[in-house]
Amino acid sequence: VTVPSQPLSRRALLGLTGASLAAAGVAGCASSSDRQPVSDAPRAGATPAPVDATGAHQAGVVSPRAAQPNLLTLVYDLDGPPAPVLAALGRTVLALTSGRDRHLAGMSPGDLTLTIGVGPRLVAAVDRTLPGARQLPSFPRERLAAGDTGGDVMVQVCASDPLLLPGASAAIASAGGRALRERWRQRAFRGPSLAVDRTRSAPRNLLGFVDGIVGPRSAADLDADIWVPASSRAAGATIAVLRRMEIDVERFLAQTVAKQEAAIGRRRSSAAPLSGGTISSDPDLDARTPEGAYLIPTNAHVRRAHPPSTGVPTMLRRSYSFEDAAAGIFFISFQNRLSTFVATLHRMSTSDALLEFTVTTRSATFLILPGFAGTRPLGSTVFRA
Ligand code: HEM
């Protein structure tokens, strides 16, 4: 899911200058006009635009607008107090994304983003009423080994260049030192995004369906449903839910295209809802055939997951596909209330033609910490030192 475009900020423009310099192998802070790039480093192909790691929110939730093709999620248990470790991780994020970390020496960080969250155990220790303090309940169709759930600290690393992921992961492990013990990790990928409208796009998932269409459309939607409001000490944060959903891909794709589309509620080719229109049309859940049957079947995924008119808020879905020992969707959603996700999955669990092909083998929720900057350490509003 992507969000409406914003004009390029001065910070983003500065970032672009920094990236062009980094791409040319120039260190330091000389401006591009007073210094010619002098480097014997090989010139790479087009370097993707950098993504600002600082601001009111962390990168990797709504920026970049189209999520990068490669993801590595790292989850750790924490020994000791969170504040110093989070501050060190924040400094490492700034060093990695500005090309100053030795683990990426000689490489351009391009559109690398790192997004850091903390698990409910740490949040509840501060205040049980804070967003992100609640654990996920259990749901049907789960097969969860103890080591594949939860965790204290989550680092989501995304980049166009897959070769940046191991270096970033090594830098995080080095910054965490003995305080962080790895619990689980997930590697995943996305294909190219298709335009939904002038400002939003979404990729296909490994079933071939466009995934990530419906979600927040404006800055006002993001403030209402995704970002934790200014009144909270976690202002600017959001709650992530991560679910590794293994799918019986062969059995799903063995069905006719019409049956697959009935399970999802949208067309494979155009991604239009079965109720008609185009990829950007909302599903019309009341539309019927002349004989009175629903055009979007009662157990279609988009009907079961649709925020009903009773006002369940929207979530921002930014999922990836994976193929390792099994294949499926690494589902990622962001919302400012855990109940948005919980209510949606409960409604799907009673009847959803897609869910029947899945089993969830990893599951966790994290408070994605508010944005930070050099002078405002990561996590400092939630975990005062
Ligand atoms: C195997 C796992 C899943 C797959 C392959 C999948 C795929 C899709 C696809 C293709 C769509 C239609 C296009 C779109 O609006 O993005 C969709 C919609 C949606 N999905 Fe999923 N999904 C999965 C799991 C989940 C889960 C676990 C949730 C949340 C609990 C969820 C929530 C939603 C929502 C809210 C929509 C938009 C519904 C609407 O209002 O039209 N999905 N999903």
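Which protein donor does the iron atom of the ligand have? In this predicted model, where local features need pLDDT of at least 70, side-chain atom pairs count only at pLDDT 80 or more, and totals for chains, interfaces and linings use all residues, the only protein donor of that iron is H301, through NE2 at 2.0 Å. Donors are N, O and S atoms within 2.8 Å of the metal (3.2 Å for Na, K and Ca), and sites may look incomplete because water is not among the atoms. Residues are numbered from 1 along each chain as its sequence is written, and side-chain values use heavy atoms, with hydrogens and water left out.

The chain contains nine helices and eleven strands, taken as DSSP runs numbered from the N terminus (helices H or I, at least four residues; strands E, at least two). Of its 385 residues, 52% are buried, a term that denotes under 20% relative accessible area, whereas exposed denotes over 50% and partly exposed lies in between (1.4 Å probe, protein chains only).

H301 lies in helix α8, and α8 (301-305), together with α6 (249-254), is packed against by the buried residues of α7. In α7, which spans residues 257-264, the buried positions are Q260, E261, A263 and I264. These residues lie on the same side of α7 because they cover an arc of only 155 degrees around the axis, the arc being that of the directions from the helix axis to the C-beta atoms. The exposed residues A258 and K259 are carried on the face turned away from the buried side of α7. Just after α7, G265 adopts a positive phi of about 105 degrees.

Definitions and conventions
Contact = heavy atoms within 4.5 Å.
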